[in-house]
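Dear colleague,

Please find below the structure I said I would pass on. I would be grateful if you could read the notes on helix packing beside it.

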Amino acid sequence: MKIKKANAGALTNFEVLDFLRSRGAAKDPTRVIAPIAASEFKVYDYLVESAACNQTRESINELLEKCKKYDLAKAEILNIINIRPASPVEIDPIIEESEKRMGEGIEDLIEMVTTVLPPPPTQMNTEEEVVAGDEEIADGEQTATAMATEN
């Protein structure tokens, strides 16, 4: 029997979300009968709208492996996983003295993070709307072109 250490380290939002799901948390209207505290549901509701919702253990492990070359502190890596920064402005409060320590490497880090970690649900919906909007414009242009050629 292996005993786990109490307070062995900080958890990522993904790990907390995974734990809550294993206990039965869900966006189910019958969740009042689940053996989970109301505070845990509040945490669950927050996390399913965050970047943690679409992350996987594999993507987090891949990010951890790729972050080794950047010489980041554990807390900085944890915040990168939890926040999933997509621009240099979002990196600045996460990494202490980021310009001095990383220089041009910030852009590489941002690209790696956005490639490895999936976007939060709110960004995914926005990206889908933009693509759908572009398709509608393209369809509208085709219709306008077809009407012009008919006249």
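This is a predicted model: local features need pLDDT of at least 70, side-chain atom pairs count only at pLDDT 80 or more; totals for chains, interfaces and linings use all residues.

Residues are numbered from 1 along each chain as its sequence is written, and side-chain values use heavy atoms, with hydrogens and water left out.

In helix H2 (residues 38-47), helices being DSSP runs of H or I with at least four residues, numbered from the N terminus, the residues Glu40, Phe41, Tyr44 and Leu47 are buried (under 20% relative accessible area, with exposed meaning over 50%, for a 1.4 Å probe and protein chains only). They cover an arc of only 125° around the axis, taken from the directions from the helix axis to the C-beta atoms, and therefore lie on the same side of H2. The face turned away from that buried side carries the exposed residues Ala38, Lys42 and Tyr46.

The buried residues of H2 pack against helix H1 (13-22), where contact means heavy atoms within 4.5 Å. Asn13, Val16, Leu17, Leu20 and Arg21 in H1 meet Glu40, Val43, Tyr44 and Leu47 in H2.

In the other pair, Ser59, Glu62, Leu63, Lys66 and Cys67 in H3 meet Leu109, Met112, Val113 and Val116 in H7.

Conventions:
Helices (H or I, at least four residues) and strands (E, at least two) are DSSP runs, numbered from the N terminus.
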